[in-house]
Every structure is written in C-alpha cells, then in structure tokens.
Amino acid sequence: MKDKTILITGANDGIGRATAERLAGWGAHLVLACRDEVKAQLTAQAITEKTGNQNIDTLPLDLASFSSIRAAADEFLAEHPKLDVLINNAGCYTDSLELTEDGYELQFGVNHLGHFLLTMALMPAIRCCRLCSRVINVSSALHKKSGLDFGSFKGEHGPKAYNGSKHYAQSKLANVLFTMELDRRFGEELTTNCLHPGVVGTRLANKKAGTLTSAVWSMYKPFAITPMKGADTSVYLAASPEVKDVSGRYFDENQCLQKPSSIARNEQLARRLWEYSEQAVAGFLREEA
Ligand SMILES: NC(=O)c1ccc[n+]([C@@H]2O[C@H](COP(=O)([O-])OP(=O)(O)OC[C@H]3O[C@@H](n4cnc5c(N)ncnc54)[C@H](OP(=O)(O)O)[C@@H]3O)[C@@H](O)[C@H]2O)c1
C-alpha cells in the first residue's frame, strides 16, 4: 500500500480510526478527513507513534456543511494529484430532528448527501488512478429496515413525528443506492462497494442520541465487536487484490458478498436519488463530475 493515497472520513474515532490505523501499518499515505481538527491531529500523531508511518495528513471536513466539503475537496485537489481509495466512513445517529447548514435532515445530510458531494468533488483525483481507484461506502444492515421518503429529506414531517432510527436506516439505504448508481455511472473508471461493518462497540449512539438510546447502546456495547474487528471489511475492500475488479456490491462484516434489500437494488429509485442529490449539491459542483 506504500504508493497509495487513502482518504477516510470520520477517521478520528470508532471504525474510521481503526481503519486508518490498520492501513497506516501497511505504509499507505493517509488523509484523515475530520470535523474536529484537533482530534484529527492527535489521532494522526497516535497512529504515527503506533505504526511508525509518518505519512499521515489531516483535512478539515464537516459533512453537515456543503461549503466545508467543497473547501476540503479543493484543499485535497491542490495538494494531491491522485486518490487511490476514498472511504466514506463518517456517520452520525440522532433521535431528534436537526438540520444541516444547508437545510437537510442531519442523518440524510451527513451520512448520504455530504459523502455524495465529497465523492463528486474528488472525482478529478479519483480519475487520475485510471481504473484502479476504489470508493468504499460504509452502510449498515439497518438499510433493510427502510424505504426512501423523498418528502422527509429536509425534515418536512417536523420534530414531533421524527423517528431517529428510521432516518438513520434511510440514510444507510441511501449509501447502498449511491454505491449501485455510482457503479452504473462510473464503473468504467473506478470500483465502488459498500458494506455492513457488524455491530461495533463505538460511540455512534452516545454522541447525539437521546438518553434512553444512549443508555441502551452503552449496555449493549460489551457484546458488540471491537472497532478493530469492525474495520475488517473496510480494510479488505480498500486493500485486497481479491476485490480489485469487483464493483457495485454489498459486503457483510465477514467480507462475504450479500444481497442488499430489494429496495436497495431498485435501479429507478437509485437514479431518482442520484438526480435529487445532484440537484441538492449543484451549487457546489464544478465540471469535474
Ligand atoms: N457502530 C456500529 O455498530 C455500526 C453499524 C453499522 C454501520 N456503522 C457505520 O459505521 C460508520 C462509522 O461509525 P462508528 O460506529 O465508528 O461511529 P463513531 O465512532 O461515532 O465514528 C463516526 C465518525 O464520523 C464522524 N462524523 C460525524 N458527523 C460528522 C460530520 N458532520 N462531519 C464529519 N465527520 C463526522 C465522527 O466525528 P467525531 O469524532 O467528531 O464525532 C466520527 O469520526 C458510520 O457510517 C456508521 O453509520 C456503524
């Protein structure tokens, strides 16, 4: 992996941090794209101390802000000619309705739309790898619990009707649909796959979730797998020669191919979501995509 440049979103905590540490151990050049710059730099230092890899950069990125994503992509493109692997890993879970800077429901905005814009904005560097680049989207088996309600993407149903786990599942379904459509549109230039990392003992549901969800999650965590183990499939999809020609697929925590839900395999729906997303971020895209 020594000559590979890998950008990981949300790389300062949980699965993303473990993924970064594992790939750093193989000598890859890493870019930790995180909303908290101080936490990102401390993570980079800690990974360098642990692995000896000095080639770790940080990039400020708030996925709840289109302008932050555009600025992060511009900074990356100015400094790096190519991007071998993009791991869209960051994610949030919340029980109450919040909106992104641009007016989208937070989980849809961060987990899907933010990564959609980031991927499109980084396309010039992804294309430079000529068929060798990989885009990996960290989804969840919970995508199977949801459909897509286009009338909820801006939190239209209001705070009282808001159901955090439904919106989380919807955002994770969007990750799978995005992967499938990215493969259909750009499959001749890159490979793209998505995954369920397992149930992983991170702080995902302790940050913004309500007290009850957070307490239940904390009780459950000792029975979940560790972030290091939860990084297995992301690392496999980023580095294994076995999947160099595999694209448009969904993998489980054991690196096995699985069928995503029937809704996630609906091409018409994937196209509609793509068109919606493209329109939503249009003001922040250039000719690159
Ligand atoms: N844990 C599980 O059981 C599980 C299961 C299935 C799928 N997943 C998926 O795995 C991925 C990683 O989650 P995790 O469990 O490792 O949770 P985590 O430890 O909370 O890590 C999530 C990362 O995303 C970052 N993030 C959140 N909002 C962001 C924003 N607006 N801009 C930029 N970064 C942002 C967080 O930053 P901060 O450090 O600043 O909070 C953190 O680095 C997510 O996509 C999640 O949906 C997790």
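Reader: Helices (H or I, at least four residues) and strands (E, at least two) are DSSP runs, numbered from the N terminus. In which helix is Phe 108 found?

Author: The model is a predicted one, in which local features need pLDDT of at least 70, side-chain atom pairs count only at pLDDT 80 or more, and totals for chains, interfaces and linings use all residues. Residues are numbered from 1 along each chain as its sequence is written, and side-chain values use heavy atoms, with hydrogens and water left out. Phe 108 lies in the run of residues 106-121, which is helix 4.

Reader: Is Phe 108 buried or exposed?

Author: Buried means under 20% relative accessible area, exposed over 50%, and partly exposed in between (1.4 Å probe, protein chains only). Because its relative accessible area is 0%, Phe 108 is classed as buried.

Reader: Which residues does Phe 108 contact, leaving aside its neighbours within four places in sequence?

Author: Contact means heavy atoms within 4.5 Å. The fold also brings Phe 108 and Tyr 168, 60 residues apart along the chain, to a C-alpha separation of 7.4 Å. With neighbours within four places set aside, the contacts of Phe 108 are Leu 113, Phe 153, Ser 171, Ala 174, Leu 273 and Tyr 276.

Reader: With which side chain does the side chain of Asn 137 make a polar contact?

Author: Asn 137 belongs to strand 5, residues 133-138, and is buried because its relative accessibility is 2%. A polar contact is a pair of N or O atoms within 3.5 Å; within protein, one must be able to donate a hydrogen and the other to accept it, and residues adjacent in sequence count only if both atoms are side-chain atoms. At 2.9 Å, the partner of the Asn 137 side chain is the side chain of Thr 179.

Reader: Which residues does Asn 137 touch, not counting those up to four places away in sequence?

Author: Asn 137 sits in strand 5. Residues up to four places away are excluded, and what remains is Asn 88, Asn 175, Phe 178, Thr 179, Thr 192, Asn 193, Cys 194 and Leu 195.

Reader: How far from Cys 194 is the nearest cysteine sulfur?

Author: A disulfide is a pair of cysteine sulfur atoms within 2.5 Å, and the structure holds zero disulfides. Cys 194 is in no disulfide, and the nearest cysteine sulfur belongs to Cys 256, at a distance of 15 Å.

Reader: What are the relative accessible areas of Cys 194 and Cys 128?

Author: Cys 194 is buried because its relative accessible area is 0%. Cys 128 is partly exposed because its relative accessible area is 47%. In that order, the values are 0% and 47%.

Reader: What is the phi of Gln 255?

Author: Gln 255 is placed in the loop between strand 7 (249-251) and strand 8 (257-258), and is partly exposed because its relative accessible area is 25%. Most residues other than glycine have a negative phi. Gln 255 is a residue other than glycine with a positive phi, near 65°.

Reader: Which residues does Ser 214 touch, not counting those up to four places away in sequence?

Author: Ser 214 is part of helix 8, residues 211-220. Ser 214 counts as buried because its relative accessibility is 16%. Apart from residues up to four places away in sequence, Ser 214 touches Ala 205, Asn 206 and Ala 209.
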